[in-house]
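Here is a short briefing to read alongside your viewer. Have the sequence and the 3D view open as you go through the points below.

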Amino acid sequence: MTDDDPIAAFYTRFPYPWREPADEEGRFQWILPGCLPAIAHHVYGGVLPQGRPLRILVAGGGTGDAVVGLGGWLRRLGLEGQIDYLDLSERSCAIARKRAAALGLDTVRFEVGAIETLAARAGGIYDYIDLCGVLNHVPDPATALAALSHALAPGGGIGVMAYGGLGRSGVYEAQAALGMLGVDAGRPDGIALARAFVQGLPGTNWLLRNPSFANVAGADDMELADVLLNPRDRAFSTDDLDDLMQGAGLAIRSFAPRFLYDPARALREPALRTAAAALDRRARWRLAELIQGSCNKHVLYAVKPGGDAPDTPDADPAERLLDDPRTLLVPAGIHPPSLATSLKAEPEARRGVRIQVGSRSMSVGLVASDLDLAILSAIDGPTRIGTVLGRRDVDPGTAMAALRALQRRLTDLGALYVMAG
């Protein structure tokens, strides 16, 4: 990007998302991809680099959600780490800097600049790079990813959130219509005109029929501008993202949460499930995206070759840690004891869990036996497996088998991660 890139001017005028320095860090600790337990699980097979501080880059850091979330996790888990922040917008950087200061996060270095400049710097620096909502707006995603891959240490990983095309039905049509009307972010009255435009749309318009954007007319100015007036906005399919990662020398370890990218969950006919199971994982990701039709944001974790975690595309390397009683089970966005209490009050056939996927709240069925409920009750925050199993008055082999199955179901939902103790 150059100094006169329109994206820099846009996010200087409309820093996104709008945050106040006093915002509570707990609000952002589960935002993907920048959730440290999820990074440990998906990138490192549950075992973070040892013997030195973690080296993290938040690329396109905006107003600081990932800095706040990752910094909070380092502190909560008692880990040392250095976080570098990089963003084009002076104003966004100032907000992020104030938020970090308000929370006492003193291991963050802030820089205003373009991602592409990383290509000219020393390589192999970072253990993890957070790239949330950035590929949508860079001039050339392949060039940006090449620079980031250069900066990533062998075995390191990148967490990406990028817009999904199918789930943004109506957005690009509305952007095109506003462009035809001469409404853009540079106009002093651009926000007012965009809001009036949406308020006047007929009920048949796809933007209003899209649950993710139906209430955009009532959004704050920053949100409305980012959706409708962004001067560079593109979306990706799972195939697009896989191509980009491969082109940068990176391999996708997982999309997240995993259940959204498993087409079998939406196929009840056995013949269709068998056909889906015969596809390779790239095709399964795309099929799930096509079936779901509502994914407006993709989250993925990709790795650079050279790490210690086994590269087993259709397996979860973190599961190898479950035999170690010191291993931590880290719940994400749920309180397992409270969940167990609510599930116990329901018949088994009606048991489910409500999870947050981006801006969407989803209710998902969760088959849970009485033993599963007892295991859930023992996971009160990050909890060692030895502690969980030590409370079970059942055969150890039976308890471990139940724990493994429950962990897999909850990890698929993005609700539980495995970390070395």
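In this predicted model, the largest nonpolar core has 66 residues, and L131 and L148 have the most contacts inside it. L148 touches L57, A59, I115, L118, I129, L131 and I158, leaving aside neighbours within four places in sequence. There is also a second, separate core of 38 residues, with L36, I39, L54 and I56 among its members.

**Helix α4**
- Helix α4 covers residues 90-102, and its end C-alpha atoms are 18 Å apart, which agrees with the 18 Å that 13 residues should span at 1.5 Å a residue.
- The buried residues of α4 are S92, C93, I95, A96, R99 and A100.
- Those buried residues fall within an arc of 160° seen down the axis of α4, so they line one face of the helix.
- On the face turned away from that buried side, α4 carries the exposed residues E90, K98, A101 and A102.
- The cover over the buried residues of α4 includes α1, α3, β2 and β3.
- Just after α4, G104 has a positive phi of about 70°.

**Aromatic pairs**
- The whole structure holds 6 aromatic pairs.
- Y85 and F110 form a tilted pair, because their ring centres are 5.1 Å apart and their planes lie at 50°.
- F10, Y11 and F14 are joined into a cluster by ring pairs.

**Charges over rings**
- R168 places its charged end over the ring of Y163, 3.8 Å from the ring centre.
- R209 lies over the face of W206, at 4.5 Å from the ring centre.

How values were computed
Residues are numbered from 1 along each chain as its sequence is written. This is a predicted model: local features need pLDDT of at least 70, side-chain atom pairs count only at pLDDT 80 or more; totals for chains, interfaces and linings use all residues. Side-chain values use heavy atoms; hydrogens and water are left out. A nonpolar core is a set of buried Ala, Val, Leu, Ile, Met, Phe, Trp, Tyr and Cys residues joined through side-chain atoms within 4.5 Å. Buried means under 20% relative accessible area, exposed over 50%, partly exposed in between (1.4 Å probe, protein chains only). Contact means heavy atoms within 4.5 Å. Helices (H or I, at least four residues) and strands (E, at least two) are DSSP runs, numbered from the N terminus. The expected span of a helix is 1.5 Å times one less than its number of residues. The arc is that of the directions from the helix axis to the C-beta atoms. Rings of Phe, Tyr and Trp (its six-membered ring) pair if their centres lie within 6.5 Å; planes under 30 degrees apart count as stacked, over 60 as edge-to-face and the rest as tilted. A charge sits over a ring if NZ of Lys or CZ of Arg is within 6 Å of the ring centre and within 35 degrees of the ring normal.
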